[in-house]
Protein chains: 2
Amino acid sequence: MCYSTRVIPFRLDFEPGIPIYEQVVYAAKRAVVSGQMRPGDTFPSVRELSRELKINPNTAHKVVLHLVSEGILEVRPGIGTLVAAPRVSAASERSRLVGRELEQLVVEALRLGLRLDDVAEALSDHWQKLNGASPRSKP
Amino acid sequence: MCYSTRVIPFRLDFEPGIPIYEQVVYAAKRAVVSGQMRPGDTFPSVRELSRELKINPNTAHKVVLHLVSEGILEVRPGIGTLVAAPRVSAASERSRLVGRELEQLVVEALRLGLRLDDVAEALSDHWQKLNGASPRSKP
DNA sequence: CACGTGTACTATAGCACATAGTACAGCGGT
DNA sequence: ACCGCTGTACTATGTGCTATAGTACACGTG
């Protein structure tokens, strides 16, 4: 009998103070938006996540539930979980990000004495790194 | 005898799911970086915060402790709490923001199908709104 | 049938949050 | 010295969340 223990496509060093399931959700999200995992790819099963990340299966299942509720994964009971095709996001979610979440980041940046140029440049760097060499937006 | 119940310089509608003290910390931070409260200004006392926001004095004190630990307030026992002069932030804090925090925002933006231009523009808008008409960084 | 998969459920422990109190020290004004 | 504000320390309680440890069942495929 041979085992096929596929390495999961993200690594995590859990940091204290943030729920474990949140960190895994984020790592999975990041793997998807960066193209490391693509629509149609199989997502690690609950038991596989549990084993590889050394977390409880219930916690692993919680991760999957979150990702499903965000439309990132879709479930096939008895078969597995797949990375879903991107779907059109809700306008409310988009405006929450460009509103509250961006404002919070700017408040923090101003508090730290950062400059807009520095933050804008870092934004662009992250964008290119995650979205590939050709960002979706073109000048 | 007349009361001088000074209105605190921020309003809050508490939203569920986020600790009350975190929301107040953020509102205070925002008031400071936007210039609504300036270095040397008196910050509302623990009892005043408690009364105005209808939160427990221990919770109000927790807010003050956080703001003090971030260098935003300084304490005068028996006198009150003042908005501190901005101090040079730690390089580790700055790189955490332009690193992890910005990356998380970009992951979220990509997931929602936002475009870099839209996010960059919203960044700039928030910056100008909070930092005044003349941002610290100049093109 | 076996082996993978997802899912539901109970139970327990620990931690964070928020509250409700009491009490004390410091400071400034009277 | 007293009063009224201030900050601060402490105990206690309740709630909710997180994470774990289990068990069990349904689904799909080979």
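**Close-up views of the predicted model**

**Figure 1. Contact between chain A and chain B.** In this predicted model, the contact draws on 45 residues from chain A and 45 residues from chain B. About 4,900 Å² of area is buried between chain A and chain B, and carbon and sulfur atoms give 70% of this area. The count between the two chains is 10 salt bridges. One salt bridge joins the side chains of A:Glu93 and B:Arg111, with an N to O distance of 3.3 Å. Across the interface of chain A and chain B, 20 residue pairs are in polar contact, both residues being at pLDDT 80 or more.

**Figure 2. The side of chain A that touches chain B.** Across this interface of chain A and chain B, with its 20 residue pairs in polar contact, the elements of chain A that give two or more residues to the side touching chain B are helix H1 (20-33), helix H4 (91-111) and helix H5 (116-131). Helix H4 of chain A gives the most to this side, with 18 residues. By class, the side of chain A that touches chain B holds 20 nonpolar, eight polar and 17 charged residues.

**Figure 3. Protein surroundings of DNA strand C.** DNA strand C is surrounded by 22 residues, the closest being A:Arg47, B:Ile20, B:Asn58, B:Thr59 and B:Gly78. The residues of the surface near DNA strand C comprise 10 nonpolar, 10 polar and two charged. Among the atoms of DNA strand C within 4 Å of the protein, 61% belong to sugar or phosphate, and the rest belong to bases.

Figure 4. The side chain of A:Thr81 places an N or O atom 3.1 Å from a phosphate oxygen of DNA strand C. For B:Lys62, a side-chain N or O atom is 3.0 Å from a phosphate oxygen of DNA strand C. At B:Gly78, a backbone N or O atom lies 2.6 Å from a base nitrogen of DNA strand C. Two or more residues of the surface near DNA strand C come from each of helix H2 (46-53), helix H3 (57-69) and strand S3 (80-83) of chain A, and from H1 and helix H3 (57-69) of chain B. H3 of chain B provides the largest share of this surface, three residues.

Figure 5. B:Phe10 lies in the segment before helix H1 (20-33) of chain B. The relative accessible area of B:Phe10 is 9%, so the residue is buried. Not counting residues up to four places away in sequence, B:Phe10 touches B:Val24, B:Ala27, B:Ala28, B:Ala31, B:Met37, B:Phe43 and B:Leu49. B:Phe10 and B:Gln36, 26 residues apart in sequence, are separated by 8.9 Å in space, C-alpha to C-alpha.

Key: Residues are numbered from 1 along each chain as its sequence is written. Chains are lettered from A and ligands numbered from 1 in the order in which they are written. Side-chain values use heavy atoms; hydrogens and water are left out. Helices (H or I, at least four residues) and strands (E, at least two) are DSSP runs, numbered from the N terminus. Buried means under 20% relative accessible area, exposed over 50%, partly exposed in between (1.4 Å probe, protein chains only). Contact means heavy atoms within 4.5 Å. A residue is near a molecule or strand if one of its heavy atoms lies within 4 Å of it. A polar contact is a pair of N or O atoms within 3.5 Å; within protein, one must be able to donate a hydrogen and the other to accept it, and residues adjacent in sequence count only if both atoms are side-chain atoms. Ala, Val, Leu, Ile, Met, Phe, Trp, Tyr, Cys and Pro count as nonpolar, Asp, Glu, Lys and Arg as charged, and the others, Gly among them, as polar. Buried area is the accessible area (1.4 Å probe) that two parts lose on being put together, summed over both. A salt bridge is a side-chain nitrogen of Lys or Arg within 4 Å of a carboxyl oxygen of Asp or Glu.
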